[in-house]
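Subject: Structure handover

Hi,

Here is the structure for you to open. My notes follow below it.

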Amino acid sequence: KEIKIFSPATVANLSCGFDVLGCCLDTVGDEMTIKKNELCELRITKITWQDLPMETNKNVAGVAAKVMLDHLGEKQGFDIEIDKKIRVGSGIGSSAASAAGAVFAINKLLGEPYTAKQLIKFAMAGEQLASGNAHADNVAPALLGGFSLVKSYDPLEVISLPSPGELRMVILHPLIEIKTQDSRAILRQSISLKSAVSQWGNLGALVSALYTNDYDLLGRSLVDGVIEPIRSILIPYFDEIKKVAVENGALGYGISGSGPSVFALCRGDENASRVKNAIGEFYHSTGIEFDLHLSAIN
Ligand code: HSE
């Protein structure tokens, strides 16, 4: 009748994989409680921490759940409570966590009529509402865990990739809000053949590195000459943080999703703690408020 879940934050794009690659964090996320009700109504009954719409059709969790229930022809009503720990507009899949969490939990309460992969499509409806674009690179890893690659959108085909066990993610979130819709609007709609060649070379290498546990290659593949030069302008001290991360031994560094969060991918807990402390110390000196997270990828 009732289920409580942890709905994880995610890092999308991972530099060279704009809109097609993402991974799931295991220490940062929302908590959601979903209950069956007797009203045949889908309701958002409580949201804590963040100021978000309670109307079902304006809330990403409500919209994703509704698309799923309509697809199933299911009349059962549900109450959704969200302990919204992931800040809105942070770049670590805040809307994706709500949408993915809602469909995951309701699917469980209904006896799992859908597989986790089938749920991706429904959760994408939440992303459409939140950003005007139904990307899957946050909702897919939130539902499947580890790394996900969107092989194609039409038809939707998502592949789970292996996650080398020593990988750790340090996330710095400068407390400014960047709406995904806005940071998509500033992107160019076409790129040069030269940029494309470099991007797909790096993406292929990154996928290979995940399969072969090649941490060094993984770090060298986290390159983005297409999106990062445009979006990084919105992130205060983007280049300076990179310098600190690299100097302290991070494998790679980039923008998390559409920003403003940035990520440093590290090998092992010791290195990740060092990178986290160094980045934290540096950002503290800028006077800008921030959140700092360290997580494995699961
Ligand atoms: N791929 C999307 C973007 C992710 O970068 O706009 C948003 O978190």
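In which loop is the place of Pro-260? Pro-260 sits in the loop between β8 (252–255) and β9 (262–267). Helices (H or I, at least four residues) and strands (E, at least two) are DSSP runs, numbered from the N terminus. The Gly-259 to Pro-260 peptide bond is cis, with omega near 5°. Asp-154 and Pro-155 are also joined by a cis peptide bond, with omega about 5°. Pro-155 lies in the loop between β5 (147–153) and β6 (156–161).

First, the ground rules. Residues are numbered from 1 along each chain as its sequence is written. The model is predicted, so local features need pLDDT of at least 70 and side-chain atom pairs count only at pLDDT 80 or more, while totals for chains, interfaces and linings use all residues.

Confidence: the protein averages a pLDDT of 97 (the predictor's confidence in each residue, from 0 to 100). Of the residues, 100% score at least 70. The model has ipTM 0.98 and pTM 0.96.

Ligand: the residues around it are Ala-12, Asn-13, Phe-18, Asp-19, His-135, Asp-137, Asn-138, Thr-180, Arg-184, Gly-257 and Ser-258. Such a residue has its C-beta atom, placed from the backbone, within 6 Å of the molecule. The shell divides into two nonpolar, six polar and three charged residues. Here Ala, Val, Leu, Ile, Met, Phe, Trp, Tyr, Cys and Pro count as nonpolar, Asp, Glu, Lys and Arg as charged, and the others, Gly among them, as polar.

Core: the largest nonpolar core has 86 residues. A core is a set of buried Ala, Val, Leu, Ile, Met, Phe, Trp, Tyr and Cys residues joined through C-beta atoms within 7 Å. Buried means 20 or more other C-beta atoms within 10 Å of a residue's own; exposed means 12 or fewer; partly exposed is in between, with C-beta atoms placed from the backbone. Val-103 is among the residues with the most contacts inside this core. Helix α2 (residues 94–109) gives the most to the core, with nine residues.

Backbone: Cys-40 is not a glycine, yet has a positive phi of about 55°. Cys-40 is in the loop between β2 (21–37) and β3 (42–48). Cys-40 is exposed, with 10 other C-beta atoms within 10 Å. Tyr-237 also has a positive phi, near 65°. Tyr-237 is in the loop between α8 (228–231) and α9 (238–247). Tyr-237 is partly exposed, with 17 other C-beta atoms within 10 Å.

Best wishes
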